[in-house]
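Subject: Structure for you to look at

Hello,

Here is the structure I said I would pass on. Please open it first, then read the notes below it.

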Amino acid sequence: MKIALVQQNYHIGNFESNTAKIIAGIQQAKQEKADLVVFTELAVCGYPPRDFLEFDDFIRKCYDSIDRISEHADDIGVIVGCPAKNPAREGKDLFNAAWFLFEKKVKAVSHKTCLPNYDVFDEYRYFEPAYDWKVISFKGKKIALTICEDIWNLGDNPLYRVCPMDILIKQQPDLMINISASPFDYDHDEDRKEVVRANVLKYKLPMFYCNTVGSQTEIVFDGGSVIYDAAGNLIRQLKVFQEDFCCIEMDDHDLSFPGYEVNRNTVNSAAIFDKDMRVSKIDDHEKIIDYLINERNIAEIHDALILGIRDYFRKMGFSKAIIGSSGGIDSAVTLALACEALGSENVRAILMPSQYSTSHSVEDAEQLSINQGNPYDIIPIKNIYESFLQSLHPVFKDLPFGIAEENIQSRTRGNLLMAIANKFGYILLNTSNKSELSTGYGTLYGDMAGGLSVLGDVYKMQVYALARMINQQYAKKTTAKKSSLELAGAARGRTGVSVQELRTSRELIPENILSKAPSAELRPDQKDSDSLPEYQVLDKILYQYIERRKGPKEIIAMGLDESLVQRVLKLVNTNEYKRNQFCPIIRVSCKAFGVGRRVPIVGKYLS
């Protein structure tokens, strides 16, 4: 049997586009002479559709799309994700379903059993869990068809009472197929492979695992679909953060994959899966930063953020971004990522110095835009700021300079950015990092303004690591460009490279931005460390509390200062009201602020 996996980027509720993509995938599979083609979870409507599922018209469009797709499932089997109506009076009205189409008909519909209701997932809000499980017979083979979370119910403390594969295995299937919409975070991709492999080893069957790719507002899906043989060997992995397609033939007799080299570097003894994150085994706080900024994690975060920015703009129908460029590390990295995602010509930087801004900050921000090749403007805010103070003097009187005066500067900048965004149809990209958002180190309606947060799930130490990686990548590209220019010059009979040709060979993000102490520059000689612990220490505490959900006693037991831990956790919990008013954050960790973290604003715990 020849099976194709189609890893595509869908647009929630864009039935015309999604259906056209699926039909194109079927045609490609036919050209490869596939017997069966597999698409991803809820591919027809896009994942997650959320409250769209409550509209009868939305479900009607889902069914209309299935009808269109069925017309192309003539001599090829098609497995595709789409909501299905629940015929029973009891329970919720819909199932999360995998539809099997063949001979232009719906031959079978498999329902999802394990409905996740944690972090960014809320499937039990909409769907009824499966209560009937049957293998699908196709061309002499029995297929055990499951959906995403259905294969995650492993380990000694399972989350769900029913494991569908334990029931399906009794019907003697020949292979497993799982269609998924499994989101990215920088530890989850390896977990995913372990889970697939653990199922393969437990049930001794090959698995075709098809995962979606693309970004839906804050949730990024990385693809990386995989195929494992029955011995637990990785046969094929599709690209990450990109659409991809593969077609693989499986031997009808021994279910092997002739002609494919297997990856023997896999578990081959017992089905082992630890649902805790790999880093959870690290109780030495000195190693946490090393983990957060290791090369692989930073590279994946970079790719996820690029996809998150690009898809947000494309799917929202926008093309141009605006950024407040301060000469600091956060705005520099945000600008670099935006230019890569959207094109430098589509990213406008606004420099807004005040009387507290240092000259090198303005120069650094200007040099950054020159290096990037993006348009920029300089709008000093001193006069605007002073007009605010003059207007407020009858109320403020002679009270000393404080946080109110600092925030006026930040809100002035926010107003200017939004005014330009409105005038020219830009989306304002927010530049706040996760360390700042965690501790409330930001100004509502000021530097917390924006339509999308790029770095809101990236700790400060990770931002620095991203900047270094961006510069390293840029250096490699410019070195290659310099070499090609020299070769071209030699071919034309001249040596050396002109100043103009070499102007792009310096670092993309100026070194001074990476080396100077971070500062909001809202008062004379201000440094972030005046208000916050050093980021090397702060990020360790925040990670343990936010991602790991460790309490103060557990964090202190790791060797961190007791008073510092208590202070940091209090900052986190008392600033929930700010984060509740913040824009969507591109999610790259296992616990981002936003839809996946629900903490009471008025809660007293640790505050």
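Strand S16 (residues 347-351) pairs with S17 in the parallel sense, over three bridges. Helices (H or I, at least four residues) and strands (E, at least two) are DSSP runs numbered from the N terminus, and two strands count as paired if DSSP finds at least two bridges between them. This is a predicted model, in which local features need pLDDT of at least 70 and side-chain atom pairs count only at pLDDT 80 or more, while totals for chains, interfaces and linings use all residues. Residues are numbered from 1 along each chain as its sequence is written, and side-chain values use heavy atoms, with hydrogens and water left out.

The bridge partner of Leu351 in S17 is Ile378. Both strands belong to an open sheet of five strands with parallel pairing, in the order S17-S16-S15-S18-S19. Its edge strands, S17 (376-378) and S19 (452-453), each pair on one side only.

Helix H10 (residues 403-424) lies across S15 (321-324), S16 and S18 (427-430), and runs at about 170° to S15. For such angles, axes are lines fitted to C-alpha atoms, for helices over the stretch in contact (heavy atoms within 4.5 Å), and the angles run from 0 to 180 degrees between N-to-C directions. The end C-alpha atoms of H10 are 32 Å apart, which agrees with the 32 Å that its 22 residues should span at 1.5 Å a residue; the expected span is 1.5 Å times one less than the number of residues. After H10 comes Gly425, with a positive phi near 75°.

**Phe401**

Phe401 sits in the loop between helix H9 (382-396) and H10. Leaving out residues up to four places away in sequence, Phe401 touches Tyr356, Tyr385, Glu406, Gln409, Leu522 and Arg523.

**The whole chain**

The chain has 18 helices and 19 strands. Its radius of gyration is 27 Å, close to the 25 Å that the globule rule gives for 607 residues, so the chain is as compact as a globular protein of that length. That radius is taken over C-alpha atoms, and the rule is 2.2 Å times the number of residues to the power 0.38. Buried residues make up 56% of the 607.

Regards

Note on methods. Buried means under 20% relative accessible area, exposed over 50%, partly exposed in between (1.4 Å probe, protein chains only).
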